[in-house]
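Work through the following exercises with the model open. Try each task before reading its solution.

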Amino acid sequence: MQESGFVSAPVFLLLLRRRMMNMKEQVFCLLAIGCSFSSCMGESGEWETYGSQAGVVHFIPEKVIQLRSGNQITSDDFQNQDVTEGDCCLVDFQINHSEQNRAEEGVYQVNMLNYQPVPDWPLLNYVDTAVAHRNESFLDFEVDATLYVDGHLFLFPEYRKHYRSQRDSFWMSYDPNLPVVTDEMTGRRCFQLYLRSTTWRIDYTDTVFTSSEITTQAFHIEEFVEKAKASGLITGDSLNFQLVYPEYFLSEDSSSYYWRTSDIYTIDLDKDWNTW
């Protein structure tokens, strides 16, 4: 999979579809489309608008958001944003590429349009595929829309049906022994991460639900990446892995799952983004 500094087309379209569900947000989405793929000339230079960019908050050299490109963005208003170190987010912003908006090397002053917090889940260093949960949430997602940003894996899981009162937990895990498997379709060697989700709260009288609900989640997988790099099992500068997740119950008593394996996702370990 080829990576780019900003959000890929599949991710943008997934998030766009979610926003378009709300009629009040349709105008914003249409405007975002027009500016995300074109430049706008203003009196002070050339402005570009970017939507739904995945980022991680840092407090050094100041309060900034680090993007997938390696560049960091900030604004005067963001200095007053209620955030903590390591928070994950999706952000819409405008940037003027003139030199005056470059606060220092790699840090850019921008106009923040929207900041959306993203839940960030820790990585577990054990795998449990034996225990079945009756409240397991079964997900769909496009691996091509997955993003790796500053040690965090951003996923965009989609629920076939999601109730208004429903609240879910996620966890991702890996085998610290780092067994390597061979993908049957491509013959490529890769690692595996395990993804699960459960519904921890729901009002069973709730009849209001959304079909194809997309909920952005982030997972802190830096430990896995660093161990894989140090293992000597990686050839070249790419880290390949698959996501393994339950797709449905195999039995009526909900005691076992059918486990699905995703397509391969590749993290380019040495590529120097640092470009718009």
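**Exercise 1. Locate Y248 and say which nonpolar patch it belongs to.**

Step 1. Y248 is found in strand β19 (residues 238-249). Strands are DSSP runs of E, at least two residues, and helices are runs of H or I, at least four, numbered from the N terminus. This is a predicted model: local features need pLDDT of at least 70, side-chain atom pairs count only at pLDDT 80 or more, and totals for chains, interfaces and linings use all residues. Residues are numbered from 1 along each chain as its sequence is written, and side-chain values use heavy atoms, with hydrogens and water left out.

Step 2. Y248 has a relative accessible area of 39%, so Y248 is partly exposed. Buried means under 20%, exposed over 50%, partly exposed in between (1.4 Å probe, protein chains only).

Step 3. Y248, L250 and Y258 make a nonpolar surface patch of about 300 Å². Patch residues have over 30% relative accessible area and no salt bridge; nonpolar side chains (Val, Leu, Ile, Met, Phe, Trp, Tyr) are joined within 5 Å, like charges within 9 Å.

**Exercise 2. Find the salt bridges and place each partner.**

Step 1. Apply the rule: a side-chain nitrogen of Lys or Arg within 4 Å of a carboxyl oxygen of Asp or Glu. The count comes to three.

Step 2. Take E136 and R196, which meet at 3.0 Å, N to O. E136 lies in the loop between β9 (120-124) and β10 (139-140) and R196 in strand β16 (residues 189-201), so the pair ties together parts 60 residues apart in sequence. E136 is buried at 7% relative accessibility, and R196 is buried at 4%.

Step 3. Take E247 and R260, with closest N and O atoms 2.8 Å apart. This pair links distant parts of the chain: E247 in strand β19, R260 in strand β20 (residues 257-261), 13 residues apart. E247 is buried at 12%, whereas R260 is partly exposed at 37%.

Step 4. Take E226 and K229, paired at 3.6 Å, N to O. Both lie in helix α3 (residues 222-230), three residues apart, about one turn of the helix. E226 is partly exposed at 39%; K229 is partly exposed at 43%.

**Exercise 3. State which strand gives the largest share of the lining of the second largest pocket.**

Step 1. The lining has 14 residues, and K161, Y163, Q166, T199 and I202 lie nearest the pocket's centre.

Step 2. Strand β13 (residues 158-163) supplies the largest share, four residues.

Definitions and conventions:
On a 1 Å grid over the protein atoms alone, a cavity is a set of points where a 1.4 Å probe fits but cannot get out, and a pocket is an open set with protein on both sides within 12 Å along at least five of seven lines; lining residues have an atom within 4 Å of a point. Accessible areas come from the Shrake-Rupley method with a 1.4 Å probe; for residues, only the protein chains shown count as cover.
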